[in-house]
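Visitor: I would like to learn how to read the features of a model such as this one, taking them in turn. Could you show me the structure and then guide me through it?

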Amino acid sequence: METIVRTTVIALFLCLLFPIVFSTSIDRLVRIGLKKRKFDRNDLLTAQLDSKKGETLRGSLGKYHLHGNLQDSNDFDIVALKNYMDAQYFGEIGIGTPPQKFTVIFDTGSSNLWVPSSKCYFSIACYFHSKYKSSRSRTYEANGKPADIQYGTGSISGFFSEDYVTVGDLVVKNQEFIEATKEPSLTFLLAKFDGVLGLGFQEISVGNAVPVWYNMVNQGLVKQPVFSFWLNRNPEDDFGGELVFGGMDPKHFKGEHTYVPVTRKGYWQFDMGDFLVGNETTGFCASGCSAIADSGTSMLAGPTGIITQINHAIGASGVVSQECKAVVSEYGDKIIDMLLAKDQPKKICSQLGLCMFDGTQGVSMGIESVVNEIARKASGSLRDSMCSACEMAVVWMQNQLTKNQTAEHIIDYVNQLCDRIPSPMGESSIDCKSLSSMPNVSFIIGGKLFELTPEQYILKVGEGDAAQCLSGFTALDVPPPRGPLWILGDVFMGQFHTVFDYGNMQVGFAEAA
């Protein structure tokens, strides 16, 4: 998981303020009550989590179906979640005997549990968060194997230990976890959480450590090998939501879930159909895309080309890509002529000398977006970004040609899209007064349309004239065969109750209640 927190200015004392937590148990439903906190626009920027880099994202095919009754309220445990400005959801766990309390992100996009260690001496971030003290636990077992997790703009390193982990009323025995001794980035200094509890598959676990969820199942702590998320997006409600282990709560959703099979264990990855802006296809996922449901990512992340089209449609402002406009200026008419001549679209950019390969690299030369390529300005990055800009322009122009648009219109339209390429940090702002004129956006999953309104995909901070609105979409480019890839983070999961069915290897979505 790339739980990368924006490092904008924030008063450090806010990092130290947490609500009083209480736990109740009724008929085996374990609830840890947490509160939302409301901050200003700078705090929201600080809270936003970056999406994955994608080096290990991969996919294959499979098909499973839901069996059995997962709605028996007597057979699952619940962990309540805190919502930090609709950007971070986290809850409390305990490690050791007696339990030492930690606030963690419950992240379906990673598989390790880590918290700061009392042996973290030289990272300022550790001084602002709870630290695990092995000497205070009767059930601690030494391990010592080194561990390192690299995120997009930060990293943690340390060593493995073993101890009991308490999640709600569930006590997982002999759980391997990471004691973080280095947290060198401001990322974790400004974070509202202490650590991360990964709920992904062991295939992506650092050190091949058995994930907490696996041990819950293997130790017979849950009746059904299923967990589910309900994220409360109501800004007026202090309650952040619930993570339910062992099933799902019928009060959290409406109607029936639509299930899709996990295409490869690692992340909770599945095949997704087309993506629509308004009622029109964007042209990028008409033949299908891969997606992952990721509770540890705040935003919706998708290919730069699609995100650019969305930003154009909703009027979001990003950083102007000079390379993109240069490609359109120098090669735009030629690309249109080649498309009209029925040249293979995937080979056009290599035929123009802008790409090294014939349509084998997707929308980007590498995992990172063309915007990040431009921002780095490293040696050789110019050619890569020109290639990426060309590939995006080909798709945009091809889509416009199917609508019988004139060459002049197409060139003007693509130049506008160049203006809407997301900024290097991924954020795009919009005019809050224009929400009523923005289109709905839709994902096709399992043959069903999952639609988001502007009010649902735009993050609004503040009130009145001081309000600021940010696009809930950020760019991520993963080339074939692993991509194109969407990461459906909290913006999506907040509107659609999400079931992670480990027993049948599938993910389900239903309208959140």
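Visitor: What percentage of the 513 residues of the chain count as buried?

Guide: Buried means under 20% relative accessible area, exposed means over 50%, and partly exposed lies in between, with a 1.4 Å probe and protein chains only. By that reading, 60% of the 513 residues of the chain count as buried. Please keep in mind that this is a predicted model, in which local features need pLDDT of at least 70 and side-chain atom pairs count only at pLDDT 80 or more, whereas totals for chains, interfaces and linings use all residues. Residues are numbered from 1 along each chain as its sequence is written, and side-chain values use heavy atoms, with hydrogens and water left out.

Visitor: How many helices and strands does the chain have?

Guide: Helices (H or I, at least four residues) and strands (E, at least two) are DSSP runs, numbered from the N terminus. The chain has 11 helices and 28 strands. As for how its parts meet, contact means heavy atoms within 4.5 Å, and among contacts between residues at least 6 apart in sequence, 73% join residues at least 24 apart.

Visitor: Which residues of α9 are buried, and why are they said to line one face of the helix?

Guide: The expected span of a helix is 1.5 Å times one less than its number of residues. Helix α9 (residues 407-419) has 13 residues and reaches 19 Å from its first C-alpha to its last, close to the 18 Å expected. Within α9, the buried residues include Ile410, Ile411, Tyr413, Val414, Leu417 and Cys418. Seen down the axis of α9, the buried residues fall within an arc of 165 degrees, so they line one face of the helix; the arc is that of the directions from the helix axis to the C-beta atoms.

Visitor: Is Asn215 buried or exposed, and which residues does Asn215 touch?

Guide: Asn215, which is found in helix α3 (residues 212-218), is buried, with a relative accessible area of 13%. Not counting residues up to four places away in sequence, Asn215 touches Val172, Gln175 and Val210.

Visitor: How many salt bridges does a search of the whole structure find, and which parts does the pair of Lys145 and Glu176 tie together?

Guide: A salt bridge is a side-chain nitrogen of Lys or Arg within 4 Å of a carboxyl oxygen of Asp or Glu. A search of the whole structure finds 5 salt bridges. In one of them, the side chains of Lys145 and Glu176 meet at 3.5 Å, N to O. Lys145 lies in strand β8 and Glu176 in strand β10 (residues 170-182), so the pair ties together parts that are 31 residues apart in sequence. Lys145 counts as partly exposed, at 32% relative accessibility, whereas Glu176 is buried, with a relative accessible area of 15%.

Visitor: How far apart are the closest N and O atoms of Glu280 and Lys403?

Guide: The closest N and O atoms of Glu280 and Lys403, which form a salt bridge, are 2.8 Å apart. Glu280 lies in strand β17 (residues 280-281) and Lys403 in the loop between α8 (381-401) and α9, so this pair ties together parts that are 123 residues apart in sequence. Glu280 counts as partly exposed, at 46% relative accessibility, and Lys403 also counts as partly exposed, at 34%.
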